[in-house]
Amino acid sequence: MLYDCAVIGGGPAGLNASLVLGRGRKEIILFDDDTPRNAITQESHNFITRDGIHPAAFKKAAYEDLNKYPTVSVERNQVVDIVPAASYFQIQTGRGQVFDAQRIILATGLKDILPEIEGIQQFYGTSLFGCPYCDGWELKDLPLVYIAAYPHAFNSVKMVSNWSKDIVVCTNGKDSISPEEKAILAQKNIPVLEDEILRLQGEGGQLKSIQFKNGKELRREAGFISYKLQQAAPFAGRLGLESNGAGGIRIDPYGRTSRKGVYAAGDNAGGLPQQIVAAAEGSKAAISVLSDYVAENF
Ligand SMILES: Cc1cc2nc3c(=O)[nH]c(=O)nc-3n(C[C@H](O)[C@H](O)[C@H](O)COP(=O)(O)OP(=O)(O)OC[C@H]3O[C@@H](n4cnc5c(N)ncnc54)[C@H](O)[C@@H]3O)c2cc1C
């Protein structure tokens, strides 16, 4: 069978794209290997009508919506390759199956690269977070640590101060805060500790303290970290898509990439990393697929 469109990735972007396409009477197939970057968090915020929802409950509700539409097929499966053929794409899965589709929406998201600090994985998503817009409210007015192990952390520290004034910045021995920035933070009573971190200590996902290699200890039970992001899947490179210059796939305002028939939506296209934005971008990419289809076939 030749599907009208394959959607790769079942996060908010891919799920919403699938809904719009399914309701648009297109035969589509959604692939999802179910490893979204927010899987480690217990609550997701800022999506009106869904504030505080567990990411798994969000997905369950989304699949219930999609199940209403016989036009939507779902493969809970990893896509390992996308091979362009003459006028369609061959999608290969990790189980060795091959599916054909005329168009592709890439909604594969990003992966967080955390600083290499012992124990950090244990607390990320439960007492240490990356995004103050997502989790700042829950940490408001608490004594916080900001682990600024990557460059350009200053603006994030400033943003975190919107939720709590009691912040200690730890650079883990890196040049992530310049002397000028350090002086500005000092004026705001935000100390910067430049000692190298030995490990983060706590239990059950609850941070208790930051232990330094020089024997010092900072007791903090919550905070934020700087992190890097990378594409979760390699398809942008494989399909020769243009980059937006910041690690994302370049798209037009309606989700079209530089390659005909390939669209992108959500975090992987450099959108503001929020679920509601990803869902909206999924909707836009799906509407582009529909309007391009009608333009070619009317
Ligand atoms: C700890 C944490 C907390 C967050 N909290 C919030 C919050 O409170 N509010 C908020 O709005 N945002 C939050 N975010 C950000 C939010 O999760 C993302 O912006 C959003 O999920 C992006 O949606 P997406 O659909 O682009 O990608 P994702 O949600 O990452 O979904 C991508 C999907 O594609 C699948 N996939 C990838 N590669 C393949 C492949 N090769 N084959 C098949 N499937 C594949 C993945 O398994 C995944 O299901 C948080 C992020 C993190 C890390």
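**A walk through the chain, starting at a sheet edge**

Okay, let's start with a pair of strands. Strand β10, residues 167–170, is joined to β11 by 2 bridges, and the two run parallel. If you want a spot to look for, find C170: its bridge partner in β11 is L193. Before I go on, keep in mind that what we have here is a predicted model.

So where does that pair belong? The two strands are part of an open sheet of 5 strands, with parallel pairing, in the order β8-β15-β9-β10-β11. Which strands stand at the edges? That would be β8, residues 128–129, and β11, residues 192–193. Each has a single partner strand, so one side of each has no neighbour in the sheet.

Let me zoom out for a second. The chain has 298 residues, and 49% of them are buried. Along its principal axes, the C-alpha trace spans about 70 × 35 × 35 Å. You'll count 8 helices and 17 strands. And if you take the contacts between residues at least 6 apart in sequence, 59% of those join residues at least 24 apart.

There's also a record to mention. UniProt, in an unreviewed entry, lists residues 3–280 as "domain: FAD/NAD(P)-binding". In the model, that span is 21% helix and 28% strand, and its end C-alpha atoms lie 23 Å apart.

β1 and β2 run parallel, joined by 4 bridges, and I8 stands opposite F31 in β2. To get from β1 to β2 the chain passes through α1, and that β-α-β crossover is right-handed. Then there's another right-handed β-α-β unit, made of β2, α2 and β3. Here β2 runs parallel to β3, residues 72–75, again with 4 bridges, and I29 has S73 as its bridge partner in β3.

Stay on β2 for a moment, and look at where its side chains go. In a regular strand, side chains alternate between the two faces of the sheet. In β2, I28 and L30 point one way, while I29 and F31 point the other way, and all of them are buried.

That takes us to the packing. In soluble globular proteins, nonpolar side chains tend to be buried together. The largest nonpolar core here has 27 residues, and L15, L21 and I105 have the most contacts inside it. Which elements supply at least two residues each? They include β1 (2–8), α1 (12–23), β2 (28–31), α2 (55–66) and α8 (275–297). The largest share, 6 residues, comes from α8. Apart from that core lies another one, of 22 residues, and I29, F99, A264 and A269 are among them.

Let's pick out L15. What does it touch, leaving aside neighbours within four places in sequence? Its contacts are G9, G10, L30, F58, K59, A62, Y63 and L66.

Buried or exposed? D292 is buried, because its relative accessible area is 16%, and the cut-off is under 20%. Its side chain makes a polar contact with the side chain of R256, at 2.9 Å. Not counting residues up to four places away in sequence, D292 touches R103, R256 and Y263.

Next, a hairpin. β12, residues 197–203, and β13, residues 206–212, pair in the antiparallel sense over 6 bridges. I197 has F212 as its bridge partner in β13. There are 2 residues between the strands, and G204 in this hairpin takes a positive phi near 60 degrees.

Most residues other than glycine have a negative phi. N46, though, has a positive one, near 80 degrees. You'll find N46 in the loop between β2 and α2, and with a relative accessible area of 37% it is partly exposed. H152 also has a positive phi, near 65 degrees. H152 is in the loop between β9 (144–147) and α5 (154–160). Is H152 buried or exposed? It counts as exposed, because its relative accessibility is 74%.

That's the tour, thanks.

How values were computed:
Residues are numbered from 1 along each chain as its sequence is written. Side-chain values use heavy atoms; hydrogens and water are left out. A nonpolar core is a set of buried Ala, Val, Leu, Ile, Met, Phe, Trp, Tyr and Cys residues joined through side-chain atoms within 4.5 Å. Buried means under 20% relative accessible area, exposed over 50%, partly exposed in between (1.4 Å probe, protein chains only). Contact means heavy atoms within 4.5 Å. UniProt positions are given in the numbering used here, feature names are shortened, and annotations may be inferred rather than shown by experiment. A polar contact is a pair of N or O atoms within 3.5 Å; within protein, one must be able to donate a hydrogen and the other to accept it, and residues adjacent in sequence count only if both atoms are side-chain atoms. Two strands pair if DSSP finds at least two bridges between them. A crossover is right-handed if, with the strands pointing away from the viewer, the path from the first strand over the helix to the second runs clockwise.
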